[in-house]
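Please examine the sequence and the structure before reading on.

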Amino acid sequence: AFDVLVIGGGPAGAAAAIYAARKGIRTGVAAERFGGQVLDTMAIENFISVSHTEGPKLATALEQHVKEYEVDVMNLQRAEKLIPAEGPGGLIEIQLANGASLKSKTVILSTGARWRQMGVPGEDEYRNKGVAYCPHCDGPLFKGKRVSVIGGGNSGVEAAIDLAGIVAEVTLIEFDSQLRADEVLQRKLRSLPNVRVITSGLTTEVHGDGTKVTGLSYKNRNTGEVHRIDLEGIFVQIGLVPNTEWLKGSVALSPRGEIEVDARGQTSIPGVFAAGQTQTTVPYKQIIIAMGEGSKAALSAFDYLIRMAPV
Ligand code: FAD
């Protein structure tokens with residue numbers, strides 16, 4: 001059995017594993033995709049002390065740093081169930097999708113988040129065939145083409161500004177009657193000649209020719225009228241969903257599915273901690289913050305272990 005078992009291999013999970021391993025305790029990491037969202041990121045310029053790096057490069061560095069320690073890295077492993085220990089000092093069990101189960105005295109949950117989908121016809125069918133979620137990754141594929149950005153929060157407006165420099169034209173569609181992005185971003189957006197903004201618009205369908213996206217339909221929420229736009233790409237920027245469905249019924253989750261933690265990263269189950277984008281208490285979803293939270297959770301787990309009665 002492990003002393004600390006980390007579930008998730010993004011910045012939070014990697015930091016947790018390093019901090020735990022440096023205490024000389026048995027540490028494991030099970031991750032569906034080691035590197036996490038960093039793998040989908042291009043330029044990173046706010047990772048303090050590193051003025052510029054790229055996602056895949058940082059992901060490789062994370063893995064290398066973890067592997068400098070005696071950490072059992074189990075990549076491509078998806079956790080499906082958490083079973084709390086039977087009594088104080090008992091072992092917590094994590095069941096994996098491959099049928100195996102792992103046991104540990106403490107567990108750190110750092111399963112991050114994923115893009116929220118629109119849930120309209122055509123979205124799944126044309127995912128990666130015109131429907132995209134990561135402007136930094138896929139923007140250049142639409143050079144000179146027409147795209148739409150769904151969502152007028154900070155990420156949607158940032159995506160539209162970013163894409164406007166690459167593509168022919170951008171149509172930003174916001175569900176609300178006004179954009180929700182910071183004013184400075186909105187001002188920048190309005191200064192761009194090839195961006196059109198539609199508010200009170202609800203996307204209803206993604207159209208395609210069987211192999212790629214050809215357009216989308218949206219409903220004007222004021223008039224009920226449905227309009228069709230011809231385009232080649234759709235960037236969905238309507239937020240992130242925490243990867244915590246598998247924890248329902250075990251640790252306490254917020255109504256939005258985020259894990260409830262205290263200031264030390266402790267969840268509602270003794271010995272189970274959470275770190276990074278899955279946590280309720282972390283408002284800014286950033287790499288450096290996820291790493292800080294991961295380190296904190298590992299130190300809290302260690303603190304918990306040294307207070308455990310010898311079994
Ligand atoms: P994640 O990175 O989401 O990692 C979660 C890990 O858990 C992954 O390894 C995943 O495979 C695994 N996992 C999920 N479910 C399971 C399961 N059931 N079982 C096992 N493993 C599981 N931040 C910045 O600071 N600067 C930037 O410039 C920046 N740019 C970004 C650009 C893009 C396009 C994106 C998507 C994000 C960007 N971010 C940026 C945000 C940053 O990537 C995240 O805040 C950070 O990755 C969160 O780390 P995390 O460890 O909490 O979660």
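Helices (H or I, at least four residues) and strands (E, at least two) are DSSP runs, numbered from the N terminus. The model is a predicted one, in which local features need pLDDT of at least 70 and side-chain atom pairs count only at pLDDT 80 or more, while totals for chains, interfaces and linings use all residues. Residues are numbered from 1 along each chain as its sequence is written, and side-chain values use heavy atoms, with hydrogens and water left out.

**The ligand and its shell**

Which elements each supply at least two residues of the shell around the ligand? They are helix H1 (11-21), strand E2 (27-31), strand E3 (43-44), strand E9 (113-115) and helix H6 (287-306). A residue is near a molecule if one of its heavy atoms lies within 4 Å of it. The ligand is surrounded by 36 residues, and the closest are Arg33, Asn46, Ala79, Gln277 and Ile287. By type, the shell divides into 15 nonpolar, 16 polar and five charged residues. In this division Ala, Val, Leu, Ile, Met, Phe, Trp, Tyr, Cys and Pro count as nonpolar, Asp, Glu, Lys and Arg as charged, and the others, Gly among them, as polar.

| Residue | Polar atom of the residue | Distance to an oxygen atom of the ligand |
|---|---|---|
| Gly9 | backbone | 2.9 Å |
| Gln286 | side chain | 2.9 Å |
| Ile287 | backbone | 2.8 Å |

On its own the ligand has 1000 Å² of accessible area, of which the protein covers 91%. Such areas come from the Shrake-Rupley method with a 1.4 Å probe; for residues, only the protein chains shown count as cover.

**An open parallel sheet**

Strands of a sheet pair through backbone hydrogen bonds, either parallel or antiparallel. Here two strands are said to pair if DSSP finds at least two bridges between them. Five strands form an open sheet in the order E10-E17-E11-E12-E13, with parallel pairing. E10 and E13 each have a single partner strand and stand at the edges, so one side of each is left without a neighbour in the sheet.

Strand E17 (residues 233-236) pairs in the parallel sense with strand E10 (residues 131-132) over two bridges, and Ala132 stands opposite Phe235 of E17. Strand E11 (residues 146-150) also runs parallel to E17, joined to it by four bridges; there Ser148 has Ile234 as its bridge partner.

In a regular strand the side chains alternate between the two faces of the sheet. In E17, Gly233 and Phe235 point one way and Ile234 and Val236 the other way, and all are buried. Buried means under 20% relative accessible area, exposed over 50%, and partly exposed in between (1.4 Å probe, protein chains only).

Helix H4 (residues 154-164) has Gly156, Val157, Ala159, Ala160, Ile161, Leu163 and Ala164 as its buried residues. These residues pack against helix H3 (135-138), E11, E12, H5, strand E13 (195-198) and E17, where contact means heavy atoms within 4.5 Å.

**Two buried glutamates**

Is Glu174 buried or exposed? Its relative accessibility is 2%, and Glu174 therefore counts as buried. Glu174 is found in the loop between strand E12 (169-173) and helix H5 (183-190). The side chain of Glu174 reaches the backbone nitrogen of Asp176 at 2.7 Å. Leaving aside residues up to four places away in sequence, Glu174 touches several others, including Gly151, Leu179, Arg180 and Ser200.

Glu258 has its place in the loop between strand E18 (240-242) and strand E19 (272-274). Glu258 counts as buried because its relative accessibility is 12%.

Strand E15 (residues 213-220) and strand E16 (residues 226-230) run antiparallel, joined by five bridges. Tyr218 stands opposite His227 in E16. The two strands form a hairpin with five residues between them, and Gly224 in the turn has a positive phi of about 80°.

Most residues other than glycine have a negative phi. Leu76, although not a glycine, has a positive phi of about 60°; Leu76 lies in the loop between strand E5 (71-75) and strand E6 (79-83). With 66% relative accessibility, Leu76 counts as exposed. Asn128 likewise has a positive phi, near 65°. Asn128 lies in the loop between E9 and E10 and is exposed, with a relative accessible area of 64%.

Notes. A polar contact is a pair of N or O atoms within 3.5 Å; within protein, one must be able to donate a hydrogen and the other to accept it, and residues adjacent in sequence count only if both atoms are side-chain atoms.
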